[in-house]
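Subject: Structure for you to look through

Dear colleague,

Please read slowly and locate each residue as it is named.

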Amino acid sequence: MTQPSRAEGTTFYCAKNKGIPVTFARTQDGKKVPIIRWVSSNYFPPPWTAQRRCAEVSRRFQRNYDNGRLRRIKTGTLRGEPVVCAAMNQNSACTDNTLLFTLKRGADPNTIVRRLFDRRALAAGNALNESASNSESSPVDIDFDIYLQNATTDSIDDSASGTSNSTSEAGIP
């Protein structure tokens, strides 16, 4: 198999921390960055358990990364549902190919993304680009490379404690 061409080999995977499935990114320099803690298992009925969502979303992060589409993370709407997706640039629309995960119907994707991602990394290096209004409901557009550079890492046992909040509104497909 070939290594991802962008950023020399970041890989995405699902691992458990304290019994909770977590989507992680492992950067070329060995940083383990928790992306999403899948703490809610009651959003979708079986078979969409927290573990299955973690594995599927990790796979979607990797696929988009390998295809060069994970330069940004954006919120949007797809088939009438709020979604979080990968994007090549600020003007890219969410599509089936770039979908990372779907949110609970009626949820505000912008507020949820602000809760899911490490606030210190979003604040550092202008990783988070928002409209001039800067309100909680402003569309979110995260420069993912800058985000990874500034995110808090967890060096022991893929620990994700304290870096992300609940994903009770997050789900798949």
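When the whole structure is searched, seven aromatic pairs are found, and please keep in mind throughout that this is a predicted model. One of the pairs joins tryptophan 38 and phenylalanine 101, whose ring centres are 5.7 Å apart and whose planes make 85°, and because planes over 60 degrees apart count as edge-to-face, this pair is described in that way. Tryptophan 38 belongs to the loop between strand E3 (32-37) and helix H1 (50-66), while phenylalanine 101 belongs to strand E6 (residues 99-103), so the pair ties together parts that are 63 residues apart in sequence.

Are these two residues buried or exposed? Tryptophan 38 has a relative accessibility of 1% and therefore counts as buried, and phenylalanine 101, at 0%, counts as buried too. Elsewhere, one aromatic cluster is formed by Phe12, Phe61, Tyr65, Phe144 and Tyr147.

The next thing to find is the sheet, which is open and is built from three strands in the order E1-E2-E3, with antiparallel pairing. Strand E1 (11-17) and E3 stand at its edges with a single partner strand each, which means that one side of each has no neighbour in the sheet. From one strand to the next, the twist averages 35°. Strand E2 (residues 20-26) is joined to E3 by five bridges, and these two strands run antiparallel; if you look at phenylalanine 24, you will find that its bridge partner in E3 is proline 34.

Helix H1 packs on this sheet, where it touches E1, E2 and E3, and its direction makes about 160° with that of E1. The helix has 17 residues and reaches 24 Å from its first C-alpha to its last, which is close to the 24 Å expected at 1.5 Å a residue. Its buried residues include Ala50, Cys54, Val57, Phe61 and Tyr65, and of these Phe61 and Tyr65 are also members of the aromatic cluster. Just after H1 comes glycine 68, which takes a positive phi of about 80°.

What does serine 92 touch, if residues up to four places away in sequence are not counted? The contacts are with Lys74 and Ala87. Its side chain also reaches the backbone nitrogen of methionine 88 at 3.4 Å, and the C-alpha atoms of serine 92 and arginine 69, which are 23 residues apart along the chain, are separated by 9.7 Å.

Finally, please look at alanine 151, whose place is in the loop between helix H4 (144-150) and strand E9 (170-171). At 7% relative accessibility, alanine 151 counts as buried, because that value is under 20%. Alanine 151 and isoleucine 35 are 116 residues apart in sequence, and their C-alpha atoms are 9.0 Å apart in space.

Terms used. Residues are numbered from 1 along each chain as its sequence is written. This is a predicted model: local features need pLDDT of at least 70, side-chain atom pairs count only at pLDDT 80 or more; totals for chains, interfaces and linings use all residues. Side-chain values use heavy atoms; hydrogens and water are left out. Rings of Phe, Tyr and Trp (its six-membered ring) pair if their centres lie within 6.5 Å; planes under 30 degrees apart count as stacked, over 60 as edge-to-face and the rest as tilted. Helices (H or I, at least four residues) and strands (E, at least two) are DSSP runs, numbered from the N terminus. Buried means under 20% relative accessible area, exposed over 50%, partly exposed in between (1.4 Å probe, protein chains only). Two strands pair if DSSP finds at least two bridges between them. Axes are lines fitted to C-alpha atoms, for helices over the stretch in contact, and angles run from 0 to 180 degrees between N-to-C directions. Contact means heavy atoms within 4.5 Å. The expected span of a helix is 1.5 Å times one less than its number of residues. A polar contact is a pair of N or O atoms within 3.5 Å; within protein, one must be able to donate a hydrogen and the other to accept it, and residues adjacent in sequence count only if both atoms are side-chain atoms.
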